[in-house]
Each structure stands twice: as C-alpha cells, then as structure tokens.
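These notebook entries record what I looked up about the contact between two protein chains. I began with the overall extent of the contact and then turned to its details.

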Amino acid sequence: MGASPAVAGVDPTSPSAAHAQLKKVKKQKVLLMGKSGSGKSSMRSIIFSNYLARDTRRLGATIDIDLSHVKFLGNLTLNLWDCGGQEAFMENYLSQQRAHVFSNVGVLIYVFDIESRDIERDLATYVNIISALVQYSRDAKVFVLIHKMDLIQPLMREEVFEHRAALVRRKTSEAVAIVHKQKPEQGSSGQQQQQQQQQPTSSPSPSSSTQLEPPISLQLFATSIWDQSLYKAWASIIHDLVPNLSVIETQLASLGLAIDADEILLFERTSFLVVSRWTSAEGEGNPYGDRFERMSNILKSWKHTCSKYTGTPRNAEQFSDFEYKMGATFSMFATKFTTNTYILVCMPPGEARFNSAKLNVAAARSWFKFLDGPVVSAQQVGGSGPGATMGVPSSYGADGAAGTHEN
Amino acid sequence: MTSASVEDGDVLADTSSGPSRPRPIRYISPAALNLHRVYEQNRQRLRKKDGAKVPDPTAPQTKGKPRLLLMGQRRSGKSSISSVVFHKLPPSETLFLESTARIQKDSLSSFMEFQVWDFPGQIDIFDNPNFTFDMDAIFGEIGALIWVIDAQDDYLEAVARLNTTILHLHRSYPHINIEVFIHKVDGLSDDYRLDIQRDVTIRIQDELSDQGIENAPVNFHLTSIYNHSIFEAFSKVIQKLIPRLGQLEAMLTNLCRTCRFEKAYLFDVNTKIYIATDNTPEDMASYEICSDYVDVIIDFTEVYGSWSRSEKWRERLEGEPWAQPLDEQVACEWAESGMVLADARRPIMLREVDRFLALVAIMKEGSYEKMPQINMNVDVVVKGLTDFFEITKSKEVSAGGPPGLASPGLS
C-alpha cells in the first residue's frame with residue numbers, strides 16, 4: 001500500500017495548523033471510468049453500498065454520469081463520478097463535457113476488463129482520457145484497476161497482470177508525452193525533467209518496472225469483486241485522500257504502545273476499508289501481508305450475514321462488540337470506536353491485559369473524536385492548548401498530534 | 001479386497017495434495033472421535049440385527065473408515081460438492097474443475113474420520129463390459145450413498161439410474177442410507193424446487209414399490225453450492241452416522257434451557273457441518289449465521305494465530321508485572337469468542353470443544369452481561385461433551401443423563 005505520508009517539519013505553530021486543517025471538510029472529486037461493462041458500478045456498490053458480489057448482477061448499465069457523494073469519516077466527502085462507459089458517452093466526455101468532467105479531479109480510477117477482446121481500442125480510449133486528465137488536472141492521481149482477474153486461471157494471474165500492467169504503463173507515458181509535446185508552454189522541459197525525477201519515488205507501484213515511470217502518479221492493481229483484492233486497491237485509493245492521516249497514525253501508535261497491542265486497525269464504518277493501522281515490532285512478524293484487506297473482506301461479509309439474519313438494512317450498523325480469545329496464543333477484540341469508525345485490536349493473551357486494553361480503548365475514544373467531522377473537532381480543538389492536544393491523559397505518554405500533514 | 005493397501009496409499013496422496021486450511025487448533029484432544037470405533041460399533045449393532053450381512057471384520061477392508069459415496073450422472077456437480085464442502089473451494093472457482101475420470105478418494109480427518117469417494121459419472125458400475133467392480137470393496141463399508149441429481153437438467157435418466165442402483169444395493173447392502181441431493185436448485189424458484197422434489201420422490205418410490213421394496217432408506221435434500229443448503233444436507237447425512245446422537249442433543253437442549261440460548265449447534269470446524277443441535281425447530285437462518293461465525297473465527301485464527309511469536313515476546317509478557325506463564329494468564333485454554341449484534345444486542349457465542357468441534361450458540365437479547373455465568377455453564381457442557389466422546393470409546397454408554405448444570409441465576 002501507499003507509503004505513509006511525510007511528516008512536515010515540526011514548527012511551533014504546527015498544532016494550530018493541524019487544528020485548522022481539522023475544521024474544514026475536504027471534498028475530493030473521484031472519477032470512475034472504463035469501458036462499458038467493465039465493472040465500475042459493481043465495485044462502487046460493493047465498497048460503498050454493501051452489495052454482495054453476486055448481487056451486482058442486478059445492476060444495469062450506467063447512463064451518462066452517476067454522481068454520488070460519499071461521506072467518509074465525517075470530514076472527507078468523496079464526489080464519486082461514476083461515468084457510464086458506452087462509447088457515445090465517452091466521446092461526449094472527451095469533447096463537449098471535457099472541461100466539466102476533467103477539471104479539479106483528485107483521483108481518476110480507470111477500470112480495465114481483463115477479458116476484453118479489443119485491447120487496442122480500450123487502450124486508445126484510455127490514452128484519450130489520460131490526455132484530457134493531464135490537460136485539466138495535472139496533479140490528479142491515477143489508479144488503474146485490471147479487473148475481473150477471477151476469470152483468469154490462478155496460476156496465470158500474475159503473468160497476465162504484469163503483461164497488461166506494462167502495456168498500460170507504456171501507454172500512459174506515451175499519452176503524457178504527447179500532451180507535453182502538443183503544449184510545450186504548459187510544461188517546460190526543465191519542469192518536465194524535474195517531474196520525472198520526482199515521480200518514481202512518490203508513486204510506489206506494486207510491481208517494479210524497468211521502464212521510466214510516467215510523469216503522473218500511476219498505481220496499478222489486479223482486482224476482482226470475488227475476493228479481497230478489491231479492498232486492497234480501494235484502501236490504497238482512499239488512504240491518500242484521508243485528511244489528518246499523520247495525526248491518526250501517531251495517535252494510533254501511542255494507543256498501541258499504551259495497551260501493549262500487537263496490531264490495531266481502524267476501519268471506516270460503512271465501507272470497512274482500513275483507514276489507518278499500527279503494528280508492533282512483534283506484529284510485523286505476521287506472514288500474512290494481505291491481512292488488512294482480508295480483515296475488510298471478512299468483516300464486511302460478516303456484516304452481510306448479520307443483516308440477512310436480523311433483517312436490518314445493508315448499510316445499518318450490524319455489530320457493536322466482538323471479542324475472541326484464542327487460548328494462550330492471542331486475543332483480539334473489535335468494537336465500535338467513534339461514530340464513523342470501528343477499531344480492531346489484536347494483542348497478546350491474558351485476561352487482565354485484555355480487560356484493561358478494552359477499558360483503555362474506550363477511554364481513548366476522545367482522542368479520535370475529530371474523525372467524526374468538522375463540528376466536533378472544532379469544539380474539541382478550541383478547548384485544548386498546543387501543549388495538551390485533545391485532552392489526552394498525560395499517563396498515556398507522549399501524544400503525537402504535533403506533526404502536521406501537508407495536503 | 002487385497003487392494004486395501006494400495007487404497008491407503010492413494011488416500012494419503014490425495015489428502016496431501018488437496019488445499020487444506022491450516023489447523024486453527026493446536027491441541028490433540030483425547031475427545032477426537034475415532035471413526036474406526038464408530039464403525040466397529042455400528043458393525044456390532046448390525047450383527048445383532050442380521051448377522052450374516054455384516055462385512056467380515058478380519059478382512060483388511062474393515063480398518064478403513066466409514067465412507068460417503070458421491071454418485072450421479074456426469075456433470076451433475078459431485079466434484080464441485082466435495083471441493084466446496086471438504087476443501088473450502090470458493091463456489092465460483094468450481095467452474096474450473098475438470099471432469100473426474102477415475103474414482104477420487106478423499107480422506108478427512110475431522111472429528112470423525114471418513115472418506116469421500118467421488119465417482120466419475122460416466123462409469124456405470126453395475127453394467128460395465130470392460131471391467132467388473134469389486135462391489136464389496138466399494139459398498140462394503142459405506143455409511144451413506146449420496147446420489148446427486150442436476151435439477152436444472154433433464155433428470156429422468158439420472159432417476160432411472162438411481163433406481164437401478166438402489167435395487168442393486170438393496171439386495172446386498174440394505175442398511176446403506178441413500179441420500180438424494182437434488183442439486184443446483186439456486187437458480188430455481190421455490191415452487192419449482194418443490195415440484196421437482198415431489199416428482200423425483202414419486203418416481204423413485206413408485207419404482208421401488210413396483211419391485212416390492214417398501215420403506216427403503218431414501219432421503220431427499222434440495223442443495224446448492226452457492227448457499228448453505230449443501231452444508232445443511234451434509235449435516236443431516238453425517239448425523240445419521242453418529243452413534244448416540246440423542247444423548248448429544250439432550251445435552252445441548254439442556255444447555256439451551258438453562259442459559260436461555262435460542263439455538264445451539266455443535267460444529268465440525270473444518271467442514272462447517274453440524275453434528276448436533278438442540279431440539280428446537282430447524283432454522284436455516286440461525287444455521288447460516290452460526291456457520292458464518294465459525295468462518296470469521298477461522299479466518300481470524302489463521303491470520304493472527306497461525307504463526308509463532310518470538311521468544312522475547314513471550315519473556316516480556318511473562319515477566320513483571322504479570323510474573324506468570326502465559327498459560328496461566330488465560331482463563332480458558334480453548335478458543336472462546338462472543339459477538340454482540342447491533343439489533344437488540346443479541347450475542348452469539350462460540351466455544352471450542354476440542355481440536356475439531358466448536359459449540360456455537362445464539363443467545364437471548366441482552367444476555368451479554370451475564371457472560372461469566374454463561375461461560376461457567378458452557379464449561380460444564382463442554383466437559384460433558386468431552387466425556388461423551390471419551391465414553392463412546394467403550395461399548396457401554398453411561399445411562400445417566402447429561403451432566404448437571406450450575407444454576408446460572410438467569411431467571
């Protein structure tokens with residue numbers, strides 16, 4: 001997943017800067033594009049509307065642009081533009097609606113259908129989209145999802161993905177190069193070079209490539225709605241969008257140390273995507289590198305089972321507390337944390353340790369109040385000085401809220 | 001009969017190649033019910049009833065395990081069923097399964113050890129000009145014959161072949177349970193499913209009564225690998241093979257009454273087949289949620305419990321201020337878990353009984369606060385269950401009822 005954001009230098013004014021940031025609701029324009037039938041609306045429904053994979057068969061084709069506002073963590077709103085992928089619409093986006101669609105884009109998610117018969121044509125459309133994007137929103141991040149990987153035999157998947165990924169990378173660089181050639185006044189050669197030097201470090205891609213990274217931030221994922229790969233891709237996408245990420249991360253770390261946990265995961269309430277996480281040195285020994293998206297997948301399908309059993313709506317809250325003690329191996333619990341989040345804590349065994357950790361997590365809720373939205377955080381922040389940020393009990397040790405996060 | 005040793009070799013190879021889930025549980029429990037034992041008891045019971053028909057105990061075959069035979073027309077879904085139920089294959093992946101060319105033997109070491117034989121559908125074992133099958137080797141010790149019928153296909157031929165099979169078997173092995181899975185019903189409407197079930201039932205019973213066979217042990221189940229119905233059907237099949245099932249059920253019923261559980265299941269963790277439940281009416285919804293809960297626990301265990309922590313970690317945890325070995329810091333050496341549902345705060349609890357079995361129960365609203373007392377009761381029942389499996393070793397099952405429960409003061 002993406003690298004943790006750099007913490008800008010700590011200067012005396014930083015706490016107030018962080019607080020100022022807490023107040024505003026961040027809006028992000030997210031474009032979801034790809035050929036018709038490639039699975040855009042299906043994945044959107046699964047992630048944000050708690051559809052089951054098999055229920056997405058009921059979805060019809062998206063006509064024109066389906067706009068939805070997804071409230072994420074209270075202080076981030078995703079403006080999700082689900083763009084119908086039929087060719088007539090595509091041409092329309094690229095011509096008449098070009099400025100409307102492609103300006104101020106935060107993230108473009110482009111979906112390729114791995115089973116598509118006409119790859120050349122898909123790539124041609126993709127190149128056009130990228131050109132338009134570079135023209136109007138040059139800072140936008142691009143995520144390419146090679147979708148429907150479940151249709152490929154498991155042994156072949158990696159090879160097929162690598163092949164397709166290399167192709168997409170090459171096309172992306174070509175598209176960007178063409179735009180720069182056409183509009184030399186927009187990107188002088190010096191700037192361009194600088195960009196090219198910067199980009200490889202700031203856009204970690206899951207697979208290494210000998211090719212020069214395209215001068216826009218591009219990440220590729222192999223996904224399928226039938227397994228957890230979808231959650232991995234979307235967790236990376238939203239990871240970069242969450243405001244105050246460094247605050248969350250430092251506070252999770254101090255909580256983790258205080259309660260002697262092995263791992264803490266923070267989930268968003270409806271999508272159950274991992275917003276942030278902390279792992280102890282011992283927890284890093286866990287051989288399951290894909291455990292975060294796996295947890296999302298497990299809990300989400302569990303939520304679905306509950307909703308079926310209780311007859312409550314899919315998006316409703318389904319469980320409040322969970323605890324699991326696995327003898328002398330480990331203990332874990334998950335609980336509703338703030339209004340918009342659930343927390344999952346995995347820790348060493350021991351009854352006393354477990355119970356005190358539960359109490360401490362409940363006590364730490366107030367640290368994370370700011371996740372619930374700008375109103376709460378404004379009050380919270382107003383009451384506390386730069387020294388004692390957010391009313392953390394001093395016994396919990398150093399609070400890391402002093403770092404700011406440039407965004 | 002002499003082929004027994006070869007078979008064993010096959011069986012071993014099969015299990016090692018199959019995708020197996022890491023064992024979530026580390027202890028080797030004395031309660032593991034050895035199938036050989038069960039089989040032996042069944043055989044002795046049978047001998048009492050009709051002496052001559054019991055397979056010869058001295059033959060090498062009898063050291064085998066009770067067997068489930070999966071038969072049916074080709075492409076009816078036999079291999080998919082065994083992959084989904086016994087190898088945890090996601091149902092969507094069964095599209096990639098090749099057609100089975102020879103008898104596929106799977107051996108499962110679960111709470112009961114049993115074998116599942118997947119028969120290629122294209123072979124007619126009763127009428128094969130090239131090769132005569134050793135009937136006794138195939139049917140000699142099977143617990144149940146599962147006949148799979150594709151409900152989305154023309155099933156007349158399948159029913160006809162099933163009839164022939166039943167007629168053949170009834171002559172030599174009348175004790176074999178015949179379980180008909182009317183399969184692939186996920187795409188069909190409820191009414192249509194029942195119509196098919198009625199039609200198949202009538203066709204088979206008519207044919208059998210024409211041949212003068214009444215009350216043949218034939219049961220029907222509507223199944224699909226895309227929901228829990230296949231597990232439910234297998235549960236019913238397996239429960240018929242368990243000796244003294246009534247005793248187990250009585251223990252669970254008693255627990256439910258004392259602790260005011262809505263429903264309790266004793267699950268085989270690896271297959272998610274339930275081997276016993278209390279005597280309240282069958283309820284698919286509670287089976288589903290309990291079975292999914294077992295899944296959640298298995299997954300968590302795999303991710304966080306299947307790798308060993310460092311020695312330093314343990315030393316730190318056992319040092320000051322705890323100053324106790326980790327084993328003594330925990331209340332229960334087996335896995336225990338609880339989850340509170342948001343609506344009406346209805347908890348679900350799970351408690352591991354031994355390496356293979358777990359007790360899962362849905363509790364009454366608002367009883368989460370009483371967890372400590374409930375845990376005490378569950379402890380007693382778990383001990384009773386462990387004793388039960390211990391006792392079934394010998395032929396004498398203690399006549400006493402289920403162990404007494406501590407009064408929980410829940411009323």
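**Interface of chain B and chain A**

I first looked for salt bridges, and the rule finds six of them across the interface of chain B and chain A. I noted that the model is a predicted one. As an example, I looked up Asp260(A) and Arg316(B), whose side chains form a salt bridge with an N to O distance of 3.1 Å.

I then looked up polar contacts: 18 residue pairs are counted between chain B and chain A, both residues being at pLDDT 80 or more.

Next I asked which elements of chain B supply at least two residues each to the side that touches chain A. I found helix 9 (284-305), helix 10 (311-318), helix 11 (326-329) and strand 9 (335-341). Helix 9 of chain B gives the most to this side, with 15 residues. Sorted by class, the side of chain B that touches chain A has 29 nonpolar, eight polar and 15 charged residues.

I turned to the extent of the contact. Chain B contributes 52 residues, and chain A also contributes 52 residues. The area buried between the two chains is about 4600 Å², and carbon and sulfur atoms give 61% of that area. Phe300(B), Tyr304(B) and Trp307(B) supply 16% of the area that chain B buries against chain A, more than any other three residues.

Finally, I examined how the strands meet. Strand 9 of chain A (residues 319-326) pairs with strand 9 of chain B in the antiparallel sense, over seven bridges. I also looked up Tyr324(A), whose bridge partner in strand 9 of chain B is Ser337(B).

Notes:
Residues are numbered from 1 along each chain as its sequence is written. Chains are lettered from A and ligands numbered from 1 in the order in which they are written. This is a predicted model: local features need pLDDT of at least 70, side-chain atom pairs count only at pLDDT 80 or more; totals for chains, interfaces and linings use all residues. Side-chain values use heavy atoms; hydrogens and water are left out. Contact means heavy atoms within 4.5 Å. Buried area is the accessible area (1.4 Å probe) that two parts lose on being put together, summed over both. A salt bridge is a side-chain nitrogen of Lys or Arg within 4 Å of a carboxyl oxygen of Asp or Glu. A polar contact is a pair of N or O atoms within 3.5 Å; within protein, one must be able to donate a hydrogen and the other to accept it, and residues adjacent in sequence count only if both atoms are side-chain atoms. Helices (H or I, at least four residues) and strands (E, at least two) are DSSP runs, numbered from the N terminus. Ala, Val, Leu, Ile, Met, Phe, Trp, Tyr, Cys and Pro count as nonpolar, Asp, Glu, Lys and Arg as charged, and the others, Gly among them, as polar. Two strands pair if DSSP finds at least two bridges between them.
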